[in-house]
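Good morning, and thank you for coming.

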There are 2 protein chains.
Amino acid sequence: MSEKIPYKIYLSENEIPAQWYNLRADMKNKPAPLLNPGTGKPMTADELSAVFCRELVEQELDNDTAYVDIPQEIKEFYKMYRPSPVIRAYCLEKALDTPAKIYYKFEGNNTSGSHKLNSAIAQAYYAKKQGLKGVTTETGAGQWGTALSMACAYLGLDCKVYMVKVSYEQKPFRREVMRTYGAEVTPSPSNTTNIGRKILSEHPDTTGSLGCAISEAVEVATSNPGYRYVLGSVLNQVLLHQSVIGLETKSALDKYGVKPDVIIGCAGGGSNLGGLIAPFMGEKLRGEADYRIVAVEPASCPSFTRGKFAYDFCDTGMICPLAKMYTLGSSFIPSANHAGGLRFHGMSSTLSQLYHDGYMEAVSVEQTAVFEAAEKFARAEGILPAPESSHAIRVAIDEALKCKETGEEKTILFGLTGTGYFDMVAYEQYNDGVMTDYIPTDEDLAVSINALPKVLGQE
Amino acid sequence: MSEKIPYKIYLSENEIPAQWYNLRADMKNKPAPLLNPGTGKPMTADELSAVFCRELVEQELDNDTAYVDIPQEIKEFYKMYRPSPVIRAYCLEKALDTPAKIYYKFEGNNTSGSHKLNSAIAQAYYAKKQGLKGVTTETGAGQWGTALSMACAYLGLDCKVYMVKVSYEQKPFRREVMRTYGAEVTPSPSNTTNIGRKILSEHPDTTGSLGCAISEAVEVATSNPGYRYVLGSVLNQVLLHQSVIGLETKSALDKYGVKPDVIIGCAGGGSNLGGLIAPFMGEKLRGEADYRIVAVEPASCPSFTRGKFAYDFCDTGMICPLAKMYTLGSSFIPSANHAGGLRFHGMSSTLSQLYHDGYMEAVSVEQTAVFEAAEKFARAEGILPAPESSHAIRVAIDEALKCKETGEEKTILFGLTGTGYFDMVAYEQYNDGVMTDYIPTDEDLAVSINALPKVLGQE
C-alpha cells in the first residue's frame with residue numbers, strides 16, 4: 001500500500017464488529033470443561049446458573065458457535081469509547097532507531113482505564129436482561145471493579161464490589177472512582193458475609209486476598225435473590241467478549257494491508273491476550289495464516305513458563321469450579337513487591353490449551369525491566385502505560401531492538417491494555433530507584449504446585 | 001442533514017488545522033498591552049524576550065495576523081493525540097430527558113489529561129528552535145506541568161517545574177507523572193532561588209503559593225543562560241495555540257451541518273475557553289454569525305462576575321508585567337476548600353476585553369453543584385471529568401434542563417477540558433457528603449481589589 005499509514009487508525013462506529021468471535025470453535029483440542037469440585041464431574045449449566053447469569057453460562061459452555069451476535073444495547077455502549085485506535089508507534093520506532101514497524105491497540109481511552117469495560121458491559125447487560133437486581137464481584141488493583149461500576153451505572157444495576165482490604169486502603173482513588181459510579185465498595189474480608197466473619201475471627205489483622213474477596217462476592221450473589229456473580233478474566237465468556245479487541249485490530253490493519261509478524265500481549269488471567277489474538281489465532285488454527293504469538297507474564301507470577309498444566313481451583317478460597325490450566329497452585333501468593341495486576345496464579349483454560357498445543361509462546365519479564373520499557377514508551381509515545389500493559393511493551397521493544405541488530409523490518413503488534421494513572425506509587429518506586437525484582441525459587445513453587453487438588457487421574 | 005450523527009465525530013489526521021487562528025485580529029477593541037510595572041509603559045519585544053522565547057513574544061504582541069502556520073513538527077506531535085473527538089452526549093440527553101442536543105469537545109484523551117498539551121508542545125518547540133537548553137515553569141494542580149514535561153521529553157528539552165509545596169506533598173501522583181517524563185520537580189518555595197530562600201527565611205512553615213512558584217521559575221529562567229520561562233494560560237500566545245480546539249470543533253460540527261446555539265466553557269485564566277470559542281467568536285466579531293457564549297467560573301474565585309476590569313499583576317509576587325483584565329486583585333487567595341484548578345485571580349486580557357465589550361456572558365457556580373453535575377455526567381457518559389471541566393458541565397446541564405421546560409431543541413456545545421483521575425480526593429469529599437461551598441463576601445473582595453496597583457489613570 002502506498003498510502004501513508006496514519007499515527008492512529010480509527011474505524012468508524014459502524015465498523016464496530018457486529019459479532020464476537022469464539023476462538024474455541026476453531027480449536028481441535030477444546031479447552032477442558034470446568035469440574036464440580038465435589039463430584040469431579042463437568043459443571044452443568046444448571047449448576048453454573050446458580051452463580052452466573054444464564055446467557056453467560058451458555059456462552060461459557062459453548063465450544064462450537066464461532067460467531068455470537070453482539071446485542072444492540074451493548075453495541076450502543078461500545079460506541080461511547082469504541083472503536084479504539086490502532087496506533088503506529090512512529091515515535092517509539094524513531095527513539096529505538098529500529099527498522100521494525102510497531103503497532104499497538106490502545107484500550108485505555110475510557111474511564112475504567114483498560115479493556116475490562118468490554119466484558120463488564122456485556123456481563124451487566126445479560127444480568128439486566130435476566131431481570132436481576134444486581135451483580136457482585138471482587139477487585140484487586142481495581143480496574144475490573146471500576147469497569148463493572150461504570151457498566152452498572154449505565155444500566156441502572158446494583159453493583160457490590162469486594163475490594164481486597166489492602167487495596168481498599170492503599171488505592172483510595174480507584175475506590176472513589178467506583179463510588180462515583182454508584183457502586184457499593186466493601187473492604188474484604190468484611191463482616192457482611194459468613195466467610196468474611198469467619199476469616200476475621202481467625203485472622204483479625206489480615207489485609208485480605210483476592211481469594212477471600214471472591215468467596216465473599218460469590219456468597220453474597222448466591223444468598224441474595226436477584227444477584228449473580230461476575231468475573232473479569234480467566235473465563236471463556238470473557239475471552240469471547242474481549243475478541244472485540246482483536247477483531248477491530250485486524251480490520252484496522254487490513255485496511256492498510258498490514259500483516260503482523262509477531263503479536264504480543266500481557267497475560268494475567270488471559271482476558272486481554274485472548275481478545276487481542278482471537279482472529280489471528282483463528283486464522284492460524286484454520287491454517288490460513290501464520291503468526292508468532294507471544295504471551296508475556298511477570299517473572300514473579302510465571303503461570304505459563306513455570307506452572308503445571310493441571311486442574312486447579314480458580315480461587316484461593318477453593319469454592320469455585322476446577323479449571324484445567326497452567327497454574328502455580330491456588331495457594332501461590334505473588335510477592336507483595338509486585339506492582340500492578342497479573343498476579344493470578346492460573347490462566348485461561350482456552351489459552352492454556354493453545355499454549356500446550358504449541359500455538360503460542362510465553363516469556364516472563366522482571367518488573368524493573370518492565371518499568372524501564374514503560375518510561376521509554378511514555379517519553380516517546382506520550383501515553384503513560386499501566387504496569388500490566390508494560391509487560392507487552394518490554395517484549396515489543398526487545399523484538400524491535402533485535403530487528404535493529406539484524407536489519408529485519410518485522411511488523412510487531414502489541415496490546416496496550418490500559419493507562420497507569422492509578423499506579424503512580426509503583427512509578428514513584430521506579431523513579432526513586434528503589435524498585436526490586438522477585439523471582440520465586442523452584443522450592444517456592446513446588447509447595448503450591450504440590451498442593452494441587454487430586455482430580456481424576458491427575459498426579 | 002439526514003445522516004445519523006455518530007457518538008464521536010473524529011476528523012482525520014490530515015484535517016488537523018494547518019494554522020492557528022488569532023482572535024485578536026478580528027477584534028475592533030484590541031486587548032490592552034502588557035505594561036512594564038517599573039515604567040508603566042507597554043512592554044517591548046526586547047523586554048519580554050529576556051523572559052520568554054523570541055517567537056512566542058512575537059505571537060504575544062501580534063494583534064493583527066489572523067492565521068499563523070502551525071510548524072510541521074508541532075503538527076506531527078499533534079497527531080499523537082489529535083484530532084480530539086467532538087462527542088454527541090446522547091446518553092446524557094437521555095438521562096436528562098431533554099430535547100436539547102448536547103455536544104462536547106473532549107480534550108482529556110492524552111496523558112497530560114487536559115488541553116494543556118496543545119500549548120505546551122508549541123512553547124517547547126519554539127524554545128528548542130531558539131537553541132535553548134530548557135524551560136522553567138510553575139504548576140499548581142499539575143496539569144500544565146505534566147503537559148510541559150511530556151512535550152519536553154519528546155523534544156529532548158530540559159524541564160524545571162516549580163510545584164506549589166502543598167500540591168507537591170498532597171498530589172504526589174501528578175509529581176511522579178512529571179518525573180516519569182524526566183522533569184525536575186521542585187517544591188516551592190525552595191532554597192534553589194533567591195526569592196525562595198527569602199520567603200523560607202521569613203515564613204519557614206509556608207506551604208507555598210502559585211505566585212511564589214512563578215517568581216522562582218522566572219528567576220531561574222532569567223538567571224540561567226539557555227533557559228526561558230513558559231506559562232500555560234492567560235497569555236495571548238496560549239489562546240492562539242489553543243485555537244486548535246475550536247477550529248477542530250467547528251470543522252467537525254460543520255461536517256454534519258450542526259450550528260451551536262450556546263457555547264459553554266470553564267474559565268480560570270482562559271486558555272481553554274479562548275481556544276474553544278475562537279472561530280465562533282471570530283464569526284461573531286465579523287458579523288457572520290451569532291452565538292451565545294458563556295464563561296463559567298467558580299463562585300469561590302469569580303474574576304469575571306465580581307472582579308474589576310483593570311491593570312493588575314499576573315502573579316502574586318508582583319514581578320510579572322501588568323495585564324489589563326478582570327481581576328480580583330493579585331493578593332486574592334481562593335479558599336483552600338476549593339477543589340481543582342480555576343483558582344487564578346485574573347483572566348486573559350483578550351477574553352476580558354471581549355466580555356467588557358458584551359460579546360460573551362459569564363456565570364459563577366458553586367462546587368457542590370459542580371460535582372453533582374460531574375457525577376451525573378460520569379454515570380451517563382462514562383468519562384470521569386476534571387473538576388475544572390465540570391463547571392462547564394454544570395451550566396450545560398442547566399441549559400438542557402431549561403430546554404426540557406420550554407420544549408426548545410437548542411444545540412449546546414461545551415468544552416470538556418480534561419479528566420479527573422488525579423482529583424479523586426475532591427470526589428471522595430463529594431461522595432462522603434462533606435464537600436462545602438465558599439463564596440467570598442464583598443468585604444473579602446474589596447480588600448484585594450482595593451490593593452490593585454496604581455497605573456496610568458486607573459482609579
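Let me begin with a definition: a helix axis here is a line fitted to C-alpha atoms over the stretch in contact, and the angle between two axes runs from 0 to 180 degrees between N-to-C directions. Please keep in mind throughout that this is a predicted model.

With that definition in hand, consider two helices of chain A. Helix α2, residues 54-61, packs against helix α5, residues 117-129, at an angle of about 130 degrees. The axes of these two helices are 8 Å apart. How is α2(A) placed relative to α5(A)? Angles of 65 to 115 degrees count as roughly perpendicular and those over 145 as roughly antiparallel, with the rest, apart from angles under 35 degrees, being oblique. The angle therefore makes α2(A) oblique to α5(A). The residues that meet are Glu55(A), Leu56(A) and Gln59(A) on the α2(A) side, and Gln123(A), Tyr126(A) and Lys129(A) on the α5(A) side. Sorted by class, this contact of α2(A) with α5(A) comprises 2 nonpolar, 2 polar and 2 charged residues.

I turn now to the two chains together. Two copies of a chain are related by a rotation about an axis and a shift along it. In this model, chain B is superposed on chain A by a rotation of 180 degrees, with 0.0 Å of shift along the axis and an RMSD of 0.0 Å. The two copies are thus related as by a two-fold rotation axis. The same surface serves both copies, since 100% of the contact residues of chain B recur in chain A.

The next topic is charge. Side chains of opposite charge can pair when their charged atoms come close. Over all chains, the count comes to 58 salt bridges. One of them joins the side chains of Arg286(A) and Asp26(A), at 2.9 Å from N to O. Where do these two residues lie? Arg286(A) is in the loop between α12 (271-285) and β11 (292-298) of chain A, and Asp26(A) is in the loop between β2 (19-21) and α1 (45-49) of chain A, so the pair ties together parts that are 260 residues apart in sequence. Arg286(A) is partly exposed, with a relative accessible area of 35%, and Asp26(A) is also partly exposed, at 22%. Arg286(A) has a further salt bridge, to Glu288(A), at 2.8 Å from N to O.

In chain B, the side chains of Asp290(B) and Lys284(B) form a salt bridge at 3.7 Å, N to O.

Gly145(B) lies in helix α6, residues 143-155, of chain B. Gly145(B) is buried, with a relative accessible area of 0%. Which residues is Gly145(B) in contact with, leaving aside its neighbours within four places in sequence? They are Thr139(B), Val161(B) and Met178(B). As for Val262(B), 117 residues away along the chain, its C-alpha atom is separated from that of Gly145(B) by 31 Å.

I close with the backbone. Most residues other than glycine have a negative phi, and most peptide bonds are trans. In chain A, the peptide bond from Ser188(A) to Pro189(A) is cis, with omega near 5 degrees. Pro189(A) is found in the loop between β8 (184-188) and α9 (194-202) of chain A. In chain B, the bond from Ser188(B) to Pro189(B) is likewise cis, with omega near 5 degrees, and Pro189(B) is in the loop between β8 (184-188) and α9 (194-202) of that chain.

Two residues with positive phi complete the tour. Asp97(A) has a phi near 55 degrees and is found in the loop between α4 (90-96) and β5 (101-106) of chain A. Val234(A) has a phi of about 65 degrees, although it is not a glycine, and is found in the loop between β9 (227-229) and α11 (236-255) of chain A. Asp97(A) is exposed, with a relative accessible area of 54%, whereas Val234(A) counts as buried, at 9%.

Notes: Residues are numbered from 1 along each chain as its sequence is written. Chains are lettered from A and ligands numbered from 1 in the order in which they are written. This is a predicted model: local features need pLDDT of at least 70, side-chain atom pairs count only at pLDDT 80 or more; totals for chains, interfaces and linings use all residues. Side-chain values use heavy atoms; hydrogens and water are left out. Copies are superposed by least squares on the C-alpha atoms of residues with pLDDT of at least 70 in both. Contact means heavy atoms within 4.5 Å. Helices (H or I, at least four residues) and strands (E, at least two) are DSSP runs, numbered from the N terminus. Ala, Val, Leu, Ile, Met, Phe, Trp, Tyr, Cys and Pro count as nonpolar, Asp, Glu, Lys and Arg as charged, and the others, Gly among them, as polar. A salt bridge is a side-chain nitrogen of Lys or Arg within 4 Å of a carboxyl oxygen of Asp or Glu. Buried means under 20% relative accessible area, exposed over 50%, partly exposed in between (1.4 Å probe, protein chains only).
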